[in-house]
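Please keep the sequence and the three-dimensional view at hand while reading.

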Amino acid sequence: MWLLLVSLILVGPARALDYASWVDGTPIVAHPEPAYQYAAELHHAIAPLVAERPGAVRPFVVGMTGQDRPIWGFRISAPGDTPTQDAPRKKLLVFANIHALEWVPSEIAVAFLTEIARDPPKGVEITVIPSLNPDGRAKVEADLLAGENTYRRGNGANVDLNRDFPVNREAKAVWRHLIPGRYATSPAPLSQPESRALDSLAAAERYDVAVSLHAFGGFLYYPWAGLWERPKDWAEMHRLGLVMQAAMGAHAYKPRQLARWGFFFRGHGMEIDHLYGTYGTKSFLIETTRSGLSPFRPKDWNNHFRWYNPKEPERHVREGLRALRALAHEVGGQLG
Ligand SMILES: [Zn+2]
């Protein structure tokens with residue numbers, strides 16, 4: 001009895017959360033963006049996969065948000081595909097929606113999860129986190145229901161999680177004096193529970209490759225984001241980027257070092273620099289879509305949700321899926 005009590009205290013309530021019951025307690029509501037899924041719908045789509053493939057799709061709580069929502073992750077591997085000393089299993093992490101308004105990434109993450117749950121690639125264990133920022137996402141969901149058009153990037157505390165990491169936080173480019181707003185970071189490294197949750201997971205798992213799905217831009221970015229210098233593994237990351245590009249078809253995104261997006265651009269304290277600089281994980285920030293704005297729909301020009309999320313997301317989801325599928329097979333099969 002004492003042991004049970006002590007272990008309950010040590011493990012804490014977060015880890016005791018049962019996914020199926022949590023999903024049952026998360027109701028689906030009607031909303032004004034029917035081509036997109038609210039968080040509840042994403043999980044109602046994932047729950048049957050977990051139930052149908054016990055052991056193949058394993059839900060876990062990555063951490064709790066500032067507003068006490070679970071950040072769900074899912075580990076997927078082929079049943080019976082056990083790693084051996086000669087053929088150790090690789091690890092791939094895919095996470096999405098670090099920025100509150102970027103929903104195409106979550107759609108891609110769940111489409112990817114659904115596909116690999118049915119036919120998991122060999123030689124790689126894949127972890128998918130459909131939303132790293134459930135609090136920020138919940139605010140956007142409420143905005144849409146209320147007909148509010150609010151620009152939201154941060155988490156529940158309005159901190160940009162994409163600038164909350166320790167590596168390359170220092171602005172070094174001379175341009176920072178000219179346009180300081182572009183070089184801002186969060187109050188302190190790992191100041192938010194969501195970034196700490198990602199960091200703890202990355203520290204424990206030591207992923208070979210990680211992908212952070214964003215919108216919009218149409219690029220396959222890799223580190224460094226905060227430095228102009230080429231990273232040590234530049235050639236290998238660029239090669240993996242080309243593998244994704246080749247799989248994407250007519251509208252393929254191009255691989256590029258993020259700091260070289262523009263001569264003035266640096267992203268400080270970004271997740272890909274942290275994952276690569278701290279854990280050696282070859283990391284990508286995929287800017288999916290090329291915005292949802294159209295010259296033919298001027299009424300959308302001021303719609304923040306539409307900036308990131310095209311009215312018809314299907315094509316963008318298919319393109320993202322092709323890139324991730326190719327990456328997963330590459331990581332499982334050939335990465336040295
Ligand atoms: Zn973003």
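Which residue is the bridge partner of I76 in β4? The partner of I76 is I126. The model discussed here is a predicted one.

- Eight strands form an open sheet with mixed pairing, and their order is β1-β2-β4-β3-β5-β8-β6-β7.
- The edges are held by β1, residues 57–64, and β7, residues 254–257, each of which pairs on one side only.
- On average, neighbouring strands of this sheet are turned by 25 degrees against each other when direction is ignored.
- As a general principle, the strands of a sheet pair through backbone hydrogen bonds, in either a parallel or an antiparallel manner.
- Strand β2 (residues 70–76) and strand β4 (residues 124–129) run antiparallel and are joined by 3 bridges.
- The pairing of β1 with β2 is also antiparallel, and it extends over 7 bridges.
- Within that pairing, V61 stands opposite W72 in β2.

**The turn between β1 and β2**

- β1 and β2 form a hairpin, with 5 residues between the two strands.
- D68 is located in the loop between β1 and β2.
- Although D68 is not a glycine, this residue has a positive phi of about 70 degrees.

**Helices against the sheet**

- Helix α8, residues 271–279, lies across β3 (90–96), β5 (209–215), β6 (219–222) and β8 (282–288).
- The direction of α8 makes an angle of about 165 degrees with β8.
- Helix α10, residues 314–333, packs on the sheet and touches β3, β4 and β5.
- Between the directions of α10 and β5 the angle is about 170 degrees.

**Empty space in the model**

- In general, rolling a probe the size of a water molecule over the atoms shows where empty space is left.
- A search of the whole structure finds 1 cavity of 30 Å³ or more.
- The volume of the largest cavity is about 40 Å³.
- Its lining consists of L213, Y253, I286, T288, G320, A323 and L324.
- Both β8 and α10 give two or more residues to this lining, and α10 provides the largest share, with 3 residues.
- Sorted by class, the lining of the largest cavity has 5 nonpolar residues, 2 polar residues and no charged ones.
- The second largest pocket has a volume of about 420 Å³.
- This pocket is lined by 20 residues, and T26, A39, A40, R69 and E141 lie nearest its centre.
- At least two lining residues of the second largest pocket come from each of α3 (39–52), β2 and α5 (134–146).
- By class, the lining of the second largest pocket has 14 nonpolar, 3 polar and 3 charged residues.

**Charged pairs**

- In general, side chains of opposite charge can pair when their charged atoms come close.
- The count of salt bridges in this model is 16.
- One of them is formed by R58 and E125, whose closest N and O atoms are 2.8 Å apart.
- This pair links distant parts of the chain, with R58 in strand β1 and E125 in strand β4, 67 residues apart.

**Cis peptide bonds**

- A215 and F216 are joined by a cis peptide bond with omega of about -5 degrees, and F216 is in the loop between β5 and β6.
- Another cis peptide bond runs from P223 to W224, with omega near -5 degrees.
- W224 belongs to the loop between β6 and α7 (234–248).

Key: Residues numbered from 1 in each chain as written. Predicted model: local features only at pLDDT ≥ 70, side-chain atom pairs only at ≥ 80, totals over all residues. Heavy atoms only, no water. Pairing = 2+ DSSP bridges. Helix = DSSP H or I, 4+ residues; strand = E, 2+ residues; numbered from the N terminus. Axes fitted to C-alpha atoms, helices over the stretch in contact; angles between N-to-C directions. Contact = heavy atoms within 4.5 Å. 1 Å grid on protein atoms, 1.4 Å probe; cavity = no way out; pocket = protein on both sides within 12 Å on 5 of 7 lines; lining within 4 Å. Points joined across faces, edges and corners; volume = space filled by probe spheres on them. Nonpolar A, V, L, I, M, F, W, Y, C, P; charged D, E, K, R; others polar. Salt bridge = Lys/Arg side-chain N within 4 Å of Asp/Glu carboxyl O.
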